[in-house]
Amino acid sequence: QVQLVESGGGLVQAGGSLRLSCTASGIISSIIVMGWFRQAPGKQRELVASITRAGSTNCADSVKGRFTISRNNARDTMYLQMDSLKPEDTAAYYCGASPTLNWSSRYWGQGTQVTVSS
């Protein structure tokens, strides 16, 4: 029903920048919140940043001041601008979308790997 495709991951040195993109397609009229999650091996998937259709945003304390989430509703595309990257940011990053604010029902993208070297 809803398909999410991420892009923009890669290998970058500490202090560098990357911009992730997520494009949604399918039956997306019910989606009211989208976000970026990340998961490192052996760890739970954690919310990095989210944005509602109305434009409200939040982000994790660990990335405040470094990451910026944005969305172009007309293009059904969400972005995560990542600056001042640190090795601890290394993870698989996933685009998520949900028709509920509590994420009780959600869709996932396939993930894109971000690796930050020291």
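A disulfide is counted where two cysteine sulfur atoms lie within 2.5 Å of each other. Keep that cut-off in mind for the opening stops of this tour, which runs through a predicted model.

**Stop 1: the cysteines**

Select Cys-59. Its sulfur has its closest cysteine sulfur in Cys-95, 17 Å away, which is too far for a bond. Cys-59 is partly exposed, because its relative accessibility is 28%.

Now select Cys-22 and Cys-95. These two residues are joined by a disulfide, with an S to S distance of 1.9 Å. A search of the whole structure gives 1 disulfide. The angle about the S-S bond is -75°, and the link between Cys-22 and Cys-95 is left-handed. Colour strands S3 and S9 to see what the link spans: Cys-22 is in strand S3 and Cys-95 in strand S9, 73 residues apart, so distant parts of the chain are connected. Cys-22 has a relative accessibility of 0% and counts as buried. Cys-95 is also buried, with a relative accessible area of 0%.

**Stop 2: the nonpolar core**

Show side chains for Met-34, Trp-36, Leu-80, Met-82 and Tyr-93. Within the largest nonpolar core, which has 28 residues, these touch the most other members. To see where the core draws its residues from, colour the elements that each give two or more: strand S1 (2-7), strand S3 (18-26), S4, S5, strand S7 (67-72), strand S8 (77-82), S9 and strand S11 (112-117).

Then centre on Met-82. With neighbours within four places in sequence left aside, Met-82 is in contact with Gly-16, Ser-17, Leu-18, Leu-20, Arg-66, Phe-67, Tyr-93 and Val-114.

**Stop 3: the aromatic cluster**

Select Phe-37, Trp-103 and Trp-108, which ring pairs link into a cluster. The structure has 2 aromatic pairs. In one, the ring centres of Phe-37 and Trp-103 are 5.0 Å apart and the planes are at 85°, so this pair is edge-to-face. Phe-37 belongs to strand S4 (residues 33-39), whereas Trp-103 is in the loop between strand S9 (91-98) and strand S10 (107-108); the two are 66 residues apart.

Turn the view to Phe-37 and Trp-108. This aromatic pair is edge-to-face as well, at 4.8 Å centre to centre with 80° between the planes. Trp-108 lies in strand S10 and Phe-37 in strand S4, so the pair ties together parts 71 residues apart in sequence.

Trp-108 is partly exposed, at 33%.

**Stop 4: Arg-45**

What does the charged end of Arg-45 sit over? One ring is that of Tyr-94, with the charged end 3.7 Å from the ring centre. Another is that of Trp-108, with the charged end 4.5 Å from the ring centre.

**Stop 5: Ser-50**

Finish at Ser-50, a residue of strand S5 (residues 46-52). Ser-50 counts as buried, because its relative accessibility is 6%. Not counting residues up to four places away in sequence, Ser-50 touches Val-33, Met-34, Gly-35, Ser-56, Thr-57, Asn-58 and Ile-69.

Notes:
Residues are numbered from 1 along each chain as its sequence is written. This is a predicted model: local features need pLDDT of at least 70, side-chain atom pairs count only at pLDDT 80 or more; totals for chains, interfaces and linings use all residues. Side-chain values use heavy atoms; hydrogens and water are left out. Rings of Phe, Tyr and Trp (its six-membered ring) pair if their centres lie within 6.5 Å; planes under 30 degrees apart count as stacked, over 60 as edge-to-face and the rest as tilted. Helices (H or I, at least four residues) and strands (E, at least two) are DSSP runs, numbered from the N terminus. Buried means under 20% relative accessible area, exposed over 50%, partly exposed in between (1.4 Å probe, protein chains only). A charge sits over a ring if NZ of Lys or CZ of Arg is within 6 Å of the ring centre and within 35 degrees of the ring normal. Contact means heavy atoms within 4.5 Å. A nonpolar core is a set of buried Ala, Val, Leu, Ile, Met, Phe, Trp, Tyr and Cys residues joined through side-chain atoms within 4.5 Å.
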